[in-house]
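The sequence and structure are shown first.

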Amino acid sequence: MIIYVDMDDVLCDYTTGIASEKEKSPEVEFPQSKPGFFKDLDPINGAIERLRSEAHIDLYILTAPSTRNPQSYTEKRIWVEDKFDYDLTKNLIMCSNKGLLKGDILIDDHTSGRGQEHFEGRLIHFDHGILPNWSAALSNVLDNT
């Protein structure tokens, strides 16, 4: 089974990062364009620990790069190695159209906009209101396979 997991607001707290940067620099229209933005994002509570505990699954991180920050490619790569390890960087895929990839499951905070609606496998909407934490999200995936 191939499982893709989005980064922004699924593995790392993009929304809080944006709000924090807007508070610090309200004149910056696109805070995600600032160097260091992506590599400094905090992980979503429980995401790192839960995914590390499931080393037996074929896991890929599938994230769309920021069109506002070409450094996002490097910074997201650094984030994965820092939070997980070097080996998982080999399973990091950056693609603006997630519907192009083949796999069984895609866990994403959006159901459309980056090709999620065309993903041929099962799309799990990582909604903090429905799936309150990472343990619940991954249990939902593994229990229903």
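## Cysteines

Cys12 is buried, with a relative accessible area of 1%; buried denotes under 20% relative accessible area, exposed over 50% and partly exposed in between, with a 1.4 Å probe and protein chains only. Cys95, at 17% relative accessibility, also counts as buried. The structure holds zero disulfides, a disulfide being a pair of cysteine sulfur atoms within 2.5 Å.

This is a predicted model, in which local features need pLDDT of at least 70 and side-chain atom pairs count only at pLDDT 80 or more, while totals for chains, interfaces and linings use all residues. Residues are numbered from 1 along each chain as its sequence is written, and side-chain values use heavy atoms, with hydrogens and water left out.

## Helix H3

Helices (H or I, at least four residues) and strands (E, at least two) are DSSP runs numbered from the N terminus. Helix H3 comprises the twelve residues 72-83, which should span 16 Å at 1.5 Å a residue; the end C-alpha atoms are 16 Å apart, in agreement. The expected span is 1.5 Å times one less than the number of residues.

Ser72, Glu75, Lys76, Trp79, Val80 and Lys83 are the buried residues of H3. Viewed down the helix axis, they fall within an arc of 140 degrees, so they line one face of H3; the arc is taken over the directions from the helix axis to the C-beta atoms. These buried residues pack against helix H2 (47-52), strand S2 (58-63), helix H4 (86-89) and strand S3 (92-94), where contact requires heavy atoms within 4.5 Å.

Thr89 lies in helix H4 and is buried at 11% relative accessibility. Beyond its neighbours within four places in sequence, Thr89 contacts Arg77, Val80 and Glu81.

Asn69 belongs to the loop between S2 and H3 and is buried at 1% relative accessibility. Not counting residues up to four places away in sequence, Asn69 touches Gln32, Ser33, Lys34, Phe38 and Glu75.

## Nonpolar cores

A nonpolar core is a set of buried Ala, Val, Leu, Ile, Met, Phe, Trp, Tyr and Cys residues joined through side-chain atoms within 4.5 Å. The largest has 26 residues, and those with the most contacts inside it are Met7, Leu11, Ile61, Trp79, Val80, Phe84 and Ile107. Strand S1 (2-5), H2, S2, H3 and strand S4 (105-108) each give two or more residues to this core, with H2 giving the most, three residues.

Leaving aside neighbours within four places in sequence, Phe84 is in contact with Leu11, Ile48, Leu51, Arg52, Ile61 and Trp79. A second, separate core of six residues includes Tyr4, Leu62, Cys95 and Leu106.
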